[in-house]
Number of protein chains: 2
Amino acid sequence: MNLQRIAREIREFEGVTRKKPIADLINIFESVRSEYSNCVVDFGDDAAVIDIGGDDYVLFAADGIWARLISASMWWAGYSSVLVNVNDIAAMGGKPVAMVNVLSSDNKEASKELLRGIRDGVAKFGVPMVGGHLHPDTPYTSLSVAIIGTVKRGCEIRSSTARAGDSVIAACDMDGRMGPNSPYSFDSTTMKEPGDVRAKYRVMQTLGERKLVTSGKDISNPGVVGTLGMLVETSGVGARVELDKILAPENVDFVQWLKVHPATGFIVTSLPENESEVVSLFESAGYSAACIGSIEDTHRLDICSGGKCVTVFDFKTDTVTGITQ
Amino acid sequence: MNLQRIAREIREFEGVTRKKPIADLINIFESVRSEYSNCVVDFGDDAAVIDIGGDDYVLFAADGIWARLISASMWWAGYSSVLVNVNDIAAMGGKPVAMVNVLSSDNKEASKELLRGIRDGVAKFGVPMVGGHLHPDTPYTSLSVAIIGTVKRGCEIRSSTARAGDSVIAACDMDGRMGPNSPYSFDSTTMKEPGDVRAKYRVMQTLGERKLVTSGKDISNPGVVGTLGMLVETSGVGARVELDKILAPENVDFVQWLKVHPATGFIVTSLPENESEVVSLFESAGYSAACIGSIEDTHRLDICSGGKCVTVFDFKTDTVTGITQ
């Protein structure tokens, strides 16, 4: 493997680079952070964790759909808006409860097709769309969806809590197919029964409630290595990834797979003694899962193969999101 | 007063007409409504009401910012995104808890100005922005914000529960000024201390907890009569409005005022015996408030003056949102 080329491809992949402006912008909120009284977790995690006083914390997240995806397929954009939000809640070890959306479009047919995609996502993932706001008169089509979920107090899985010495486990539902609308997307839900899909997500609740993982994040646009990069950056640590241990579907180019956003995939970290239990819980739920490396105190993310390593991100000089907690 | 002209102006006002496509689109969700198991209230209200099992219900709403407002002033669009979401929660008798946003823009300066507006809104209204999603590469600038709040179980104020015989009360903070970015906007918050602004919103919680109102809604883009139109349509009733009783700020044209979106204004209905207590609670909180009419079983919204009435909306043939519950 040409490690230098792979490191550069990941570093320069748009799914990674488009995360850079985040920290620059959210720093604007520093001066009003004192208002965040009942917020346990905020920026840098897949969902905010809010204490409203009950047995469960409320999880709260939002996702927009990338304009490029919207122009590829309205139905897919609507469906994906549900999928990515469900992933945000699952990544935290939570149970999704309800969504709201803001849809802007002056194209009635496009809006209907988007909403059909949302409807089919609601039916698949079992999370209702309970409200929204429609702008029927914008010259572009855009869709934003927010979701709330619940998680047992203290059982939330965060992405800022990985510690040196932890094992890194990647789990992905590989029973699916590339596409349909992007060379960096892998669909593993549209062809399955709702019950099967929902059961697969519940493994993250189990991992959280049994305190088997130290951190976690869903694998999204930056791909498996890029997502781990965000996790270690937010946690203020480093990681070493053994590329040869990353599982990939047959008939998919390995380097391309590293940039793929799988429909159902998670990166988690665990204490080494819990690693095999975590892997087998994922496997029992139908995932392909493996330990792919370890968390280090290096502030670098290195990819390794055949005893050689190359640095993908050096967080002393690089940023993915720039968010640290 | 030329009642016919006023009725036509309200009916044809863009703040009203742009609500029409809503029902057509949300009907797509009918087939998956069975999934809405723990949702007490959904479309048609200012916020969805979700039962997650605690003492409080969770309120959940989303609002986008009208493209026209974004092009007028980025700061104002950001600030208003907080204001309109706080209004959605207040309208339900709730307490705002946290917000998330989706920001799309390839214009870094525009994004920063929008976020400065949001930051100043957070500081004013005391509701934290706890997460979000940034699309740094869209050829347009759009902002969507979602909010959660809490309300004591059973104390939520809905907009579908007005009944014939109820009094209609309009309350508005008239200590402000027209504009700044639209002839249909009235600012009553930017010039006031955060504590004053937040106290003003709490009157809706008091009204809900003391069960003094039968329904309510914040006065938004459709203006005072248009907003009442949405409320009576959703409630499946009618209303008679005495134009001469609608209070308006000095030096503002009365017909223009009917189309204004005030920063802080609510329409509520109450049993006639509670009308004076509701009005005086609003007045104590600094609002100008008055009973402006009554709920009727007519399925029409009529405006009246000097003993003459004209129909603005006949819900047998007209729709505002088309949502009925």
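Helices (H or I, at least four residues) and strands (E, at least two) are DSSP runs, numbered from the N terminus. With that in hand, here are the close-up views.

This is a predicted model, in which local features need pLDDT of at least 70 and side-chain atom pairs count only at pLDDT 80 or more, while totals for chains, interfaces and linings use all residues. Residues are numbered from 1 along each chain as its sequence is written, chains are lettered from A and ligands numbered from 1 in the order in which they are written, and side-chain values use heavy atoms, with hydrogens and water left out.

View 1. Rings of Phe, Tyr and Trp (its six-membered ring) pair if their centres lie within 6.5 Å; planes under 30 degrees apart count as stacked, over 60 as edge-to-face and the rest as tilted. By this rule there are 23 aromatic pairs over all chains. In one of them, A:W75 and A:Y79, the ring centres are 4.9 Å apart and the planes meet at 15 degrees, so this pair is stacked. Both residues belong to helix 5 (residues 74-91) of chain A, where they sit 4 residues apart, about one turn of the helix. A:Y79 also forms a stacked pair with A:W76, at 5.8 Å centre to centre and 25 degrees between the planes. Along helix 5 of chain A, A:W76 and A:Y79 are 3 residues apart, again about one helical turn.

View 2. How accessible are A:W75, A:W76 and A:Y79? Here buried means under 20% relative accessible area, exposed over 50%, and partly exposed in between (1.4 Å probe, protein chains only). A:Y79 is buried at 1% relative accessibility, and A:W76 is buried at 7%. A:W75, with 23%, is partly exposed.

**View 3. An open sheet of 3 strands in chain A.** Two strands pair if DSSP finds at least two bridges between them. The strands of this open sheet follow the order 8-9-12, and their pairing is mixed. Strand 8 (177-178) and strand 12 (261-262) of chain A stand at the edges with a single partner strand each, so one side of each has no neighbour in the sheet. Strands of a sheet pair through backbone hydrogen bonds, either parallel or antiparallel. Which sense do strand 9 and strand 12 of chain A adopt? Strand 9 (residues 185-187) pairs with strand 12 in the parallel sense, over 2 bridges. Within this pairing, look for A:S185 opposite A:H261 of strand 12.

View 4. In chain A, A:C304 is joined to A:C309, S to S 2.1 Å. The torsion about this S-S bond is about 105 degrees, so the disulfide is right-handed. A:C304 is buried at 0% relative accessible area, whereas A:C309 is partly exposed at 33%. In chain B, a disulfide links B:C304 and B:C309, S to S 2.1 Å. Its torsion is about 105 degrees, so this disulfide is right-handed. B:C304 is buried, with 0%, and B:C309 is partly exposed, with 33%.

View 5. B:S188 is found in the loop between strand 9 (185-187) and helix 7 (194-209) of chain B. Is B:S188 buried or exposed? With 1% relative accessibility, B:S188 is buried. Its side chain makes a polar contact of 3.5 Å with that of B:T264. (A polar contact is a pair of N or O atoms within 3.5 Å; within protein, one must be able to donate a hydrogen and the other to accept it, and residues adjacent in sequence count only if both atoms are side-chain atoms.) Contact in general means heavy atoms within 4.5 Å. Apart from neighbours within four places in sequence, B:S188 is in contact with B:D173, B:D175, B:G176, B:A263 and B:T264.

**View 6. A:R153 in its loop.** A:R153 lies in the loop between strand 6 (142-152) and strand 7 (167-172) of chain A. A:R153 is partly exposed, at 37% relative accessible area. Not counting residues up to four places away in sequence, A:R153 touches A:D51, A:G53, A:G54, A:D55, A:D56 and A:Y57.

Methods
Disulfide = S-S within 2.5 Å.
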